[in-house]
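Subject: Structure for your review

Dear colleague,

Please find below the structure that I am handing over to you. My notes on what was found in it follow directly after.

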Amino acid sequence: MRRPPKLPLEDTALEDVPEKEGVYQLLDEKEQVLRIAGTPDLRQALRAARAEVPPARFFQYETTHMYTMRESELLQLFLRRRHRLPEYNGVEEDLF
């Protein structure tokens, strides 16, 4: 699967994000993943995430109707590779 493009977490980039279901990843200035989340509205969630995750500078996203399943897949991959969750993914979230 091709990796989604990395975009700046700015209004101009968010305008092009569809108001559709999908999964996004927030990245810091070093391109480290801070949050992985599925949502029914990508644009709205990314706008809200700017305030929720202050160090985020970039984002990646993919649209999918099965966003909760894709979120779980990406979190499992992250956990397997780094032995922890992204910093802004709380342990209280339902992963699987």
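Two residues are said to be in contact when heavy atoms of theirs lie within 4.5 Å. In this sense, and leaving aside residues up to four places away in sequence, Leu-46 touches Leu-9, Leu-14, Val-17, Tyr-24, Leu-26 and Phe-59. Please bear in mind that the model is predicted.

Overall architecture

The protein contains three helices and four strands. Read from the N terminus, these elements follow the order β-α-β-β-α-β-α. The C-alpha trace extends over about 35 × 30 × 25 Å along its principal axes. Of the 96 residues, 42% are buried. The accessible surface amounts to about 6100 Å², and carbon and sulfur atoms account for 48% of that area. Among contacts between residues at least 6 apart in sequence, 63% connect residues at least 24 apart.

Nonpolar side chains tend to be buried together in soluble globular proteins. The largest nonpolar core here has 15 residues, and those that touch the most other members are Leu-9, Tyr-24, Leu-26, Leu-46 and Phe-59. At least two residues of this core come from each of α1 (11-14), β2 (22-27), β3 (33-39) and α2 (42-52). The contribution of α2, four residues, is the most that any element gives to this core.

Is β2 enclosed or open to the outside? Six of its six residues are buried, so β2 is largely enclosed by the rest of the structure. In a regular strand, side chains alternate between the two faces of the sheet. Both faces of β2 are covered, with Gly-22, Tyr-24 and Leu-26 buried on one side and Val-23, Gln-25 and Leu-27 buried on the other.

On pairing, β2 and β3 are antiparallel and share six bridges; Leu-27 has Val-33 in β3 as its bridge partner. The two strands form a hairpin with five residues between them, and Glu-31 in the turn has a positive phi of about 65 degrees. β2 also runs antiparallel to β4, to which six bridges join it. There, Gln-25 stands opposite Gln-60 in β4.

Lys-30 lies in the loop between β2 and β3. Its relative accessibility is 63%, and Lys-30 therefore counts as exposed, the cut-off being over 50%. The C-alpha atoms of Lys-30 and Arg-57 are 9.0 Å apart, although 27 residues separate the two along the chain.

Helix α3

Helix α3 (residues 67-82) has 16 residues, which at 1.5 Å a residue should span 22 Å; the end C-alpha atoms are 22 Å apart, in agreement with that expectation. Which residues of α3 are buried? They are Tyr-67, Arg-70, Glu-71, Ser-72, Leu-74, Leu-75 and Phe-78. The cover over these buried residues includes β2, β3 and β4 (58-63). After α3 comes His-83, with a positive phi near 60 degrees.

With kind regards

Notes
Residues numbered from 1 in each chain as written. Predicted model: local features only at pLDDT ≥ 70, side-chain atom pairs only at ≥ 80, totals over all residues. Heavy atoms only, no water. Core = buried A, V, L, I, M, F, W, Y, C linked by side-chain atoms within 4.5 Å. Buried < 20%, exposed > 50% of the residue type's maximum accessible area, 1.4 Å probe, protein only. Expected span 1.5 Å × (residues − 1). Areas by Shrake-Rupley, 256 points an atom, 1.4 Å probe, with all protein chains shown as cover. Pairing = 2+ DSSP bridges.
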